[in-house]
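Biologist: I would like to learn how to read a protein model. Please go through it one feature at a time.

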Amino acid sequence: MFYEFRFYWERIFRMLFSTRNKVYVLCHPTHPNLGDQAQLMCTDNWIKNNYPKYQIVHLGFFKPTLYLINGNRSIVTEFSYRITLSVLRLIIRKKDIFIGHSGYFMVDHHNGYKMFTDIMRYFPNNKMVIFPQTINFHTPVIIDFVVANFAKNKNTILMCRDDVSFRKAQKMFPVTPLLLYPDIVTSLIGTRRYNNKREGVLFCMRDDIEAYYSSIDIDALMERFGNVRKEKIDTTIKGLTTKELDNNRAGIINDVIDSFSTYKVVITDRYHGTIFSAIASTPVVVISSTDHKLSSGVKWFPKEVFGDAVQYAQSLDEAYEKALPLLNAADRSYENPSYFKDKYWDKLKEILA
């Protein structure tokens, strides 16, 4: 609690007393989902490489002052958030840039889109680039609200991380510049080499409302592989604190990716489980979640580039059929290329100019 409280006010002071131009990263994650944390790590690295003289400031719906008023979460969260926006209005510079953290913010059940629209209203003259989003709105009143705010802003660029989201964005935001772009964590693919001994099957499975298959079904699939080495994990590590992440974000993420490189095949319903596998050059069979995120996301991996290293299965039976030959194959070396870094992320600043 004390760490979060101190961290909140340190950000305020850094904004107030720094004379450097800034890149503000909106909706940065504080939770222990390593896919989101890897996005933050890669976003920071991209900013450092492309705006080396700028100061990076992470902004979000701050939680620390929740502890100051007896349990009234909504009032205190809103209070701290509005303080931050008020401070920003005092110090904002014309060259300051806002970057919306990549992910699943453009959806009814997440209020991240609200921060994007607030920034549009408070700072209409500053450039904002919303990094690749899955777009999946359904509620008419929310759609109308978001559409109206985007229509009024002329300095926002929205990046979509799959073709379904891109088509939805074309209909919702006809005057907003759009980019169809892969998830930023793909920029790590092909940049690392692993020489670990590979054995068994890793199941990287989500445990939330977006899971399409039940844990009973997944356990039954695991049993079909017999006595080989197998393990079920999630990219969300329970019990991992914000302080631990801030002190060792890269080390924690790299350790998890390294563990992926010790398996012969991965089965996952996590999009970042797919990407972590590709970074580790471990063949991965992707199964569905409850929305289009996985089925659309795997289309970024062309067969002529990645071969059978990334495959999509429409059922658990098909997942087994695709994973089994990869598991039983003689030792085979996969070295995925730096396709996404070279084709997309190294060129983005030039596109945004």
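Biologist: How many helices and strands are there in the protein chain?

Modeller: Helices (H or I, at least four residues) and strands (E, at least two) are DSSP runs, numbered from the N terminus. The protein chain has 14 helices and 12 strands. This is a predicted model, where local features need pLDDT of at least 70, side-chain atom pairs count only at pLDDT 80 or more, and totals for chains, interfaces and linings use all residues. Residues are numbered from 1 along each chain as its sequence is written, and side-chain values use heavy atoms, with hydrogens and water left out.

Biologist: What percentage of the residues of the protein chain count as buried?

Modeller: Buried means under 20% relative accessible area, exposed over 50%, partly exposed in between (1.4 Å probe, protein chains only). Of the 353 residues in the protein chain, 57% are buried.

Biologist: Is H272 buried or exposed?

Modeller: H272 counts as buried because its relative accessibility is 8%. H272 sits in helix α9, residues 271–279.

Biologist: Which residues is H272 in contact with, leaving aside its neighbours within four places in sequence?

Modeller: Contact means heavy atoms within 4.5 Å. With those neighbours within four places in sequence left aside, H272 is in contact with G35, Q39, R161, D183 and V185. The side chains of H272 and Q39 are also joined by a polar contact of 3.4 Å. A polar contact is a pair of N or O atoms within 3.5 Å; within protein, one must be able to donate a hydrogen and the other to accept it, and residues adjacent in sequence count only if both atoms are side-chain atoms.
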